[in-house]
Amino acid sequence: MTTPCTLTEYEVLNHTLPNKLYLILTPFIICIGLIGNILTVFVFVLTDLKRQSVSIITIALAIADSFVLLIPVAILWLEKLLRQELTDLSPFWCRTHGFFDLTFTCCSSWLMVCIAFERFCAVWLPHNNKAILTHRKTLIVVLIIVFISTVLSTWFIFVVKATKIQTLLLKNSTENTLVTLDNRSLIQSSWKCNLIDDSLYDSMGMFSVIINYVLPFIFLLLLNSTVIYRLCQRGIVDLRSSITVMLTLVCIVHLFCTLPFQCWWIYYEVRDQTGDCSWLKRKLTWHAITFTIRNFNYMANFFLYSCSSKLFRNELKGLIVLSLLPHEKHQSYHYRRQSLYDNRRQQSISLTRLIMRRLSRTAAYKHVGAIHSVAAEIPLTSLNEHG
């Protein structure tokens, strides 16, 4: 029988290559991911992409990914860097650090499933897609996902507890010997975050891994397989500008980034954890590797949008132009959009007048191409007479 390891995590992982890479890469992942997610929100909110119902899901996904990077990923990185449990600083962080991680990762995974389902409907049911997923229905689905993710993650608050520890510190005399307990003694209070029940934590942790990773993985795999099959049947998809290709690529990257971490959790939770230091070192090493790969998923979406969608790149360039050159190019860019909108509106008005002309049963006009001139020549008395 092996002897349990008495070293801490920081002592076991000290001077290991995976831990060094984790400490170096994580701050870049956090900063780049936050900037990319903010730009993604701006593009889908301020441009024509907001007309797509899937834009609501992508905005919510960018917000959820930002919170994952900002709270649980950043806290764990600071703990590794400072070699101190930040969750022991207060009862609040003791009970909520895991709750935030579970909630936001659950939201991110199931929002990915919503994106895959929306693309499934767009590819297989193109005529009914807009009726199935309207903006209102999509917003309701997003709110339901956020609510259910929050409820399913509250278990973490009830399986941990913050215990107050009082440590008695003794002052040394001039002879460097311990003095008796008198007025010179000092009592220091601190918090320690502990589990209420180890078995309950392990079972609920396995439940969360299934809900947050395994089930979304299965749904994403099935939905994206059918979408890719349909695209291969068509054979005419523009790989540089198709929104379907862009969102399918995002889902595939999510699959590959989250798969190693869920495999790590299941393997090391099912196996006996009471091992020696070599077992603990192997477990923590693979955790650093798989956790870093998982974090790339919350950073990469902006770059996937930019690389795989010409429409997204054009809208992003337009926003940059509006920000850096707010005068001439701003006017030309705004004029182009406004002109396009006005032309569409004038065409709809002209068609309406043409229909009224036909319904009025007046004599046929000679110049078919001059829609505006003919519509303008219709006397109001004639329209009133023929109703």
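This report walks through the helices, ring pairs, cores and a few individual residues of a predicted model.

## Ground rules

The model is predicted, so local features need pLDDT of at least 70 and side-chain atom pairs count only at pLDDT 80 or more, while totals for chains, interfaces and linings use all residues. Residues are numbered from 1 along each chain as its sequence is written, and side-chain values use heavy atoms, with hydrogens and water left out.

## Overall make-up

The chain has 14 helices and two strands. Both kinds of element are DSSP runs numbered from the N terminus: H or I with at least four residues for helices, E with at least two for strands. Of the 387 residues in the chain, 40% are buried. Here buried means under 20% relative accessible area and exposed means over 50%, with partly exposed in between (1.4 Å probe, protein chains only).

Now for contacts, meaning heavy atoms within 4.5 Å. Among those in the chain with a separation of 6 or more, 77% come from residues 24 or more positions apart.

## Aromatic pairs

A search of the whole structure turns up 22 aromatic pairs. Rings of Phe, Tyr and Trp (its six-membered ring) pair if their centres lie within 6.5 Å; planes under 30 degrees apart count as stacked, over 60 as edge-to-face and the rest as tilted. Phe100 and Phe104 make a stacked pair, because their ring centres are 6.1 Å apart and their planes are at 5°. These two sit four residues apart in helix α4 (residues 91–124), which puts about one helical turn between them. Phe100 is buried at 18% relative accessible area, and Phe104 is buried too, at 15%.

Tyr305 and Phe312 give a tilted pair, since their centres are 5.4 Å apart and their planes are at 50°. Tyr305 is buried, with a relative accessible area of 1%, and Phe312 is buried at 1%. Elsewhere, ring pairs tie Tyr22, Tyr213, Phe261, Trp264, Trp265 and Phe291 into a cluster.

## Charges over rings, and Arg294

A charge sits over a ring if NZ of Lys or CZ of Arg is within 6 Å of the ring centre and within 35 degrees of the ring normal. Arg230 places its charged end over the ring of Trp124, 4.7 Å from the centre. Arg294 does likewise over the face of Phe261, at 5.3 Å from the ring centre.

Arg294 belongs to helix α10 and is buried, with a relative accessible area of 0%. Neighbours within four places in sequence aside, Arg294 contacts Val68, Val73, Asp101, Thr105, Tyr213, Cys257, Thr258 and Phe261.

## Helix α8

Helix α8 (residues 198–234) has 37 residues and should span 54 Å at 1.5 Å a residue; its end C-alpha atoms are 53 Å apart, which agrees. That expected span is 1.5 Å times one less than the number of residues. There is also a kink of about 40° in α8, centred on Ile210. The bend at a residue is the angle between axes fitted to the seven residues ending there and the seven starting there. Buried residues of α8 include Tyr213, Pro216, Leu220, Asn224 and Val227.

Across in helix α9, Thr248 touches Asn224, Val227 and Ile228, not counting residues up to four places away in sequence. Thr248 is buried, with 7% relative accessible area.

## Nonpolar cores

A nonpolar core is a set of buried Ala, Val, Leu, Ile, Met, Phe, Trp, Tyr and Cys residues joined through side-chain atoms within 4.5 Å. The largest has 35 residues, of which Ile57, Leu111, Ile115, Leu220, Leu247, Tyr305 and Phe312 touch the most other members. Helices supplying at least two residues each to this core include α2 (17–46), α3 (54–82), α6 (135–152) and α11 (310–324). The biggest giver is α9, with eight residues.

Ile57 touches Leu111, Cys114, Ile115, Thr138 and Val142, leaving out residues up to four places away in sequence. A second, separate core of 25 residues includes Tyr22, Val68, Phe100 and Phe291.

## A strand residue

Cys193 lies in strand β2 (residues 186–195). Leaving aside neighbours within four places in sequence, Cys193 is in contact with Thr87, Asp88, Cys94, Val160 and Lys161.
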